[in-house]
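Here's a quick tour of salt bridges and nonpolar packing in one model. Have a look at the structure first.

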Amino acid sequence: MDILIPDNWLRDYLKTKATKSDIAKYISLCGPSVERISGDAKSPVYLTEVTTNRVDTASIYGFAREAAVILPRFKISARFNEIKPKSKFSLSKKVSYLKAQVDKKLCFRFTAILIKDVKIGPSPAWMQKRLSEVGVRPINNVVDISNYIMHDLGQPVHTFDYDKIKGQQMVLRESRKGEEITTLDGKKHILPGGDIVIEDGEKLIDLAGIMGGENSAVGTNTKNVLLFVQTYNPVNIRRTSMAIPKRTEAAVLFEKGLDPELVETAIRKAVDLFVETTSGTAEKAALDIYPTPYKSKKIEVSIDFINRVIGVEISKSEVKEILDKLGFKTEVKGKKITVEVPSYRAKDIAIAEDVVEEIARIYGYFNLPSQVMTGKIPESLADSPFEFEVNIKRFLAGVGGNEVYTLSLVSSDMTDRNSLRLRNPLGSETEYLRSTLRTSLVGAANSNLGEKEPFHLFEMANAYISTNKEELPKEKMTLGGIFVGYSYREAKGIVEAMLEKLHIIYKEEISEKQGFLVNQRTEIKSEGKTLGEFGVLSDNEFLYYEFDVELLRKHAKPFAKYRPTPKYPPQIEDITIIFPERTKIGEVMATINANKFVSKTGLVEIYDNAYTFRVWYQDPNKTLEDKEVEKIREKLIHEVKQKFGGTVKG
């Protein structure tokens, strides 16, 4: 995720003389990556990329904490200033002004405090400026405080108009399928079920972790505000955010798993800002429902293990210094170091290797020595499928095909009953693993129907064949292709040319299959195995082929079967035969070729139902005379007439 870090705001927490270039350069080497610097010379803003596992750095506060560790490694003095809230209210499991019932599986920490007699108005100029620098439009002091805390600490907060909460009670629960809520932006949502919602006994007032309800929103007439800070189950937040869909900044943070210990810091700083900017008065106690407080976990790692994994010798004292500055508590006994993980790193530090990674990145990957690999160059894999697959793609591209890439996840109407369904699909369009490329390629063809010229699309990708829904499916590398605007013979000729290029000896059989026109689908077989199919699709009359790539590879030959050059020349002539409609010309040619004195037959011209064949007459032992050729021709014509009803023209 990308976040904006204004330099002036950053220096509230980072005391350093580092220039903006120093910060961008050195932090990127060991921590979050600063992609670019925007803004003017007086107010630079860092566009920073934060990896998903490091949500603790997705804020001004978290970025400053990282910078205070990294900059001294480059001989630049830096100190991290922790927040020291002024608010002195206590935290209590019960308060008189709010009754709360919370499902602890959905909400890991629930805090709220009532602030009375607030005055709604514009927020201070300094706050408006900072919010504008991070891309947030200032609205009023109450809303701006919520947005400010989220960017400042990386902890979303929410505010309710306290007097709109029926009976001053809240029930945090899972939604039921079909429940409705209208959010602050005025949009109505029908919930899929399993979403985290808050109701006041009469109505839903919050789509928790995503956006508040319109019916409890703070307005210009609000006098009493309920300030609300929580951490939620990230799985529920992610699922709801994608299903509705509504991708708010709060949802993006919550779905990554926030630190429950940060809640107290956030609510105390927010109260300070309320007192300062709204003249409100906070209650002396805040509700804090925290059923399972954080217990720090400990990881043991040896100095030998650290040095072996990193590949350089780092002293115990330097290892301890790095970890201590990162916020870990360390205890050294001999060569063993026990590391206590702080709450804000609990999500991504779980094993000894994670600790080593922290040491390595702060030590500096650029400080690790470069070493050229030694030993023999590995030989290429025997019988590798990759070269075979590339050769097919090159051939199809060479005859005018265009390779496409489509999604392996499809909707229910784009696959068959036996396909596997994902347990957690992102939506109905990507719910199943496809078992064929056909529907995907039809979709790609339909998207390109505006093309004036005929086109040929092909794809080589896995299809997923399920035999048992309790097991993982078989991944079958599949070649699929679709022709739009091509004649049947042009398209089939390309498929046959590909098979000839692979030197595959094959037979064709007409067979029926759902999705193809009747009598318009051919199975292509070799040695009794079905390699693939070619035919006309019933819905749109596109021409489609699909092959099992592994079977193609097994039946392909590196070279064509050697045939010695004939000693005696052939006699070549053209014969035009008129056939009834729907005659299978391939079978006609097979009949002609079956004669031992015919070495080759080609179809050279078609006019209506008249087909002109070029026939090569040849005897391996002598040169055929005209009378001998005439007898062979008469026999062929008789066989064709008897079997197919053909009549010789002319």
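K525 is partly exposed at 21% relative accessible area (buried is under 20%, exposed over 50%, partly exposed in between, with a 1.4 Å probe and protein chains only). Its salt-bridge partner is E523, which counts as buried at 17%. A salt bridge here puts a side-chain nitrogen of Lys or Arg within 4 Å of a carboxyl oxygen of Asp or Glu.

Keep in mind that this is a predicted model: local features need pLDDT of at least 70, side-chain atom pairs count only at pLDDT 80 or more, and totals for chains, interfaces and linings use all residues. Residues are numbered from 1 along each chain as its sequence is written, and side-chain values use heavy atoms, leaving out hydrogens and water.

The structure holds 43 salt bridges, including these:

| Salt bridge | N to O distance |
|---|---|
| K525 and E523 | 3.7 Å |
| K166 and E202 | 4.0 Å |
| E358 and R345 | 2.9 Å |

K166 is partly exposed at 45%, while E202 is exposed at 53%. With E358 and R345, burial is the story: E358 sits at 4% relative accessibility and R345 at 1%. Both also belong to a salt-bridge network with R54, D56, E66, D348 and R361.

Now the nonpolar packing. A nonpolar core is a set of buried Ala, Val, Leu, Ile, Met, Phe, Trp, Tyr and Cys residues joined through side-chain atoms within 4.5 Å. The largest one has 116 residues, and M170 and L226 touch the most other members. A second, separate core of 26 residues includes F395, L502, F534 and V536.
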